[in-house]
Amino acid sequence: MDGGGMRWDVLFRNALVFDGSGAKPQLQDVAVRDGSIAAIGSGLPEQQAAETVDVAGRWLMPGLLDIHTHFDLEVELEPGLPEAVRHGTTTVVVANCSLGLAYGALRRDGTDPIVDCFARVENVPKHVLRKVGDRVNWNDSKAYLDHFSDLPLAPNIVPMIPHSMLRIEVMGLQDSISREPTANELARMGELVEKALREGYVGFSTDALPFHFLANQPNTQKQIPTQFARYGELKFLTNLVRRWGRVWQATPPKDSKIGVFRNFLLTSGRLFGRPLKVTAVAAIDIVTNKSLLRMGLLLSRMLNSRFLNGHFRFQALAAPFKLWSDGVITPIAEEIPVLRRLNERDLDDREGRLQIMSDPAWQQEFRRMWTHGKTGFSLARLKRRLRMDDNVLTRELADMHIETCPVPEWSGESLQQVYERLQRWQASGEGARSEAERETFASFPKPAGDDCDFLLHLLRRFDTALRWWTVTANRDRETTKALLFNPKLLPGFNDSGAHLTNMAFYDGNLRMLQFAQEDGLEKVAYAVHRLTQEPAEFFGLNVGTLKPGAQADIVVMDPEALRAYDSDAGVRYIWRDIFQANQLVNRSDGVVSHVMIAGRMAWRDGTYTELHGRQRLGRVLLDREHEAQAAAVTA
């Protein structure tokens, strides 16, 4: 088509175009005008364009979606969300895991719920969270949506209704974690959910992972508010979501198989008259317990069966689940009570952690945890051998790799390698590679003891200065690849914007495209569909496709750079001025050449444009039926 002679803002020429539908890509030109796709075709006239961008040899596709983020924090401080944009992400779903800002800062009666709820669950420093809270100037779900018009957004923002914050809004923080709601309070929660759905929110998020705890005294041993909701409350609130045809984002109560099945059975149209769209975290191949993935896939098949008539999608991660830890400050420590006690302390409270670790009773508890199922004859030993362990932590020194520590020579080694060298040094007095290593070895008792004693000594000596990583899931790339392309799952468990120093999955969408590239362009087309139109349809969003009239969210990437991209080598630990803290990020330089959001360029040839972070590019995305009705009213 020729665009009817209208002048275009930008013309992309000679692209291999993936339109998001999953159809075979075609060599075409794409014209953009006034924020929308104006024309797609071959040989579009260059003279109609104010700017022409020749992208021969590159792929052009709709902007990618990231469906599980906690960017609702960062967007208040840096609305351009640079770590999303540089990887081709143009739409992010926020307020996952029951946490969000829809009801403002909720600072009442001396509490600070943003800090309390986010600090440990999402591993964001308290001073960053207080900074976010200080910027909040709304206390209502509609005002929250409205405030985005004052921010220079880059990606589109898709908010949900966060259950923990809803409970705090209605009950107050202390009551939300200490009692059931009254009938009036439950009715008020329903009114607020209904109000937000009427305002266009795409869904409602809850959380049931048993290791999500509050961060401020006196509640550091209490879980976040959503976890105090009984089944009847979940059923009541999700039934409202069902009635509106919106999405319930959830996490499973992993320690209760009956609870998992009962909760997720709420998706059933057979039982409840209409299917409820449910997306849950997460389908990953956990190293210590292979049975969880098998059970998850079986559950997904059952819930989506014709018999139950559900609309259920686990989320899949496109990367090895590589977690960095600062001493014991890490998400996987929260599910183990003896380690959780250390995580209850503030990050800079080294003295408090040392006091705990010096307690003989705590040390005995640590030993019981570390050796559980490793020796003797027991059910725990059998479960460990069958890879059906209860915890994610591997408890193997060979799986724990040192990133940095006060002994520079240890960087890149496993703790097992260091332990074995210590034993040789104690036996012969030889083999220490530096004065720093010799001094550290000399600090150990002689003999050093077993691997439990070794680790405990290092934690007491170095605390958070010992930074190490381990891969807890998705070690097998073929299994990971199969999960990403399983039609009963959704790719997109990237957790972007959370766990600032523990995870780096901002490039998860690129990793999936790289997997697809191995099998040819048809598979790439399907992967693009899985990362654009399919999640947009699931969440009811009016994005994710390239066709005339659609919003011009466009990504251009170099397939050869993608093929050569090494994500592990691209991980960086950088200082972010906006946070006044360090952060793990990915650097996929050269892969994504252009990112356009609503017809305006945010990223070009390896750098942010002058518009990025200064002018509003993206917008709040609401349920598309709501947007269509609003447009009809104003027309």
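**Entry 1: buried cysteines**

I start with a word I need: a residue is buried when its relative accessible area is under 20%. I also note that this is a predicted model. Cysteine 117 has 0% relative accessibility, so I write it down as buried. I looked up cysteine 97 next, and at 5% relative accessibility it counts as buried too.

The search gave me zero disulfides in the structure. Cysteine 97 is in no disulfide, and the nearest cysteine sulfur, in cysteine 117, is 12 Å away.

**Entry 2: empty space inside**

Today I went looking for holes. Rolling a probe the size of a water molecule over the atoms shows where empty space is left. How many cavities of 30 Å³ or more does the whole structure have? I found four.

The largest cavity holds about 120 Å³ of space. I counted 14 residues in its lining, and those closest to the centre are Val328, Leu339, Leu393, Met400 and Trp468. Helix H15 (360–371) and helix H19 (451–462) are the elements that each give two or more residues to this lining. Which element gives the most? My answer is H15, with three residues. Sorted by class, the lining of the largest cavity has twelve nonpolar residues, two polar ones and no charged ones.

I then turned to the second largest cavity, with a volume of about 50 Å³. Its lining is made of Ala319, Pro320, Lys322, Trp324, Ala504, Phe505, Arg511, Asp568 and Val571. Here I noted six nonpolar residues, no polar ones and three charged ones.

**Entry 3: a sheet of strands**

Strands of a sheet pair through backbone hydrogen bonds, either parallel or antiparallel.

I zoomed in on strand E12 (residues 277–283) and strand E13 (residues 311–316), which run parallel and are joined by six bridges. To see one of these up close, I picked lysine 277, whose bridge partner in E13 is histidine 311.

**Entry 4: aromatic rings**

A pair of aromatic rings is described by the distance of the centres and the angle of the planes. My search of the whole structure turned up 20 aromatic pairs.

How are the rings of phenylalanine 264 and phenylalanine 312 arranged? Their centres are 5.0 Å apart and their planes meet at 50°, so I call the pair tilted. The two lie 48 residues apart in the chain, with phenylalanine 264 in helix H10 (residues 257–264) and phenylalanine 312 in strand E13. Both phenylalanine 264 and phenylalanine 312 are buried.

For phenylalanine 444 and phenylalanine 454, the centres are 5.6 Å apart and the planes are at 10°, so this pair is stacked. I found phenylalanine 444 in the loop between helix H18 (435–442) and H19, and phenylalanine 454 in helix H19, ten residues apart. Phenylalanine 444 and phenylalanine 454 are both buried.

Terms used. Residues numbered from 1 in each chain as written. Predicted model: local features only at pLDDT ≥ 70, side-chain atom pairs only at ≥ 80, totals over all residues. Heavy atoms only, no water. 1 Å grid on protein atoms, 1.4 Å probe; cavity = no way out; pocket = protein on both sides within 12 Å on 5 of 7 lines; lining within 4 Å. Points joined across faces, edges and corners; volume = space filled by probe spheres on them. Helix = DSSP H or I, 4+ residues; strand = E, 2+ residues; numbered from the N terminus. Nonpolar A, V, L, I, M, F, W, Y, C, P; charged D, E, K, R; others polar. Disulfide = S-S within 2.5 Å. Buried < 20%, exposed > 50% of the residue type's maximum accessible area, 1.4 Å probe, protein only. Pairing = 2+ DSSP bridges. Phe/Tyr/Trp six-rings, centres within 6.5 Å; stacked < 30°, edge-to-face > 60°.
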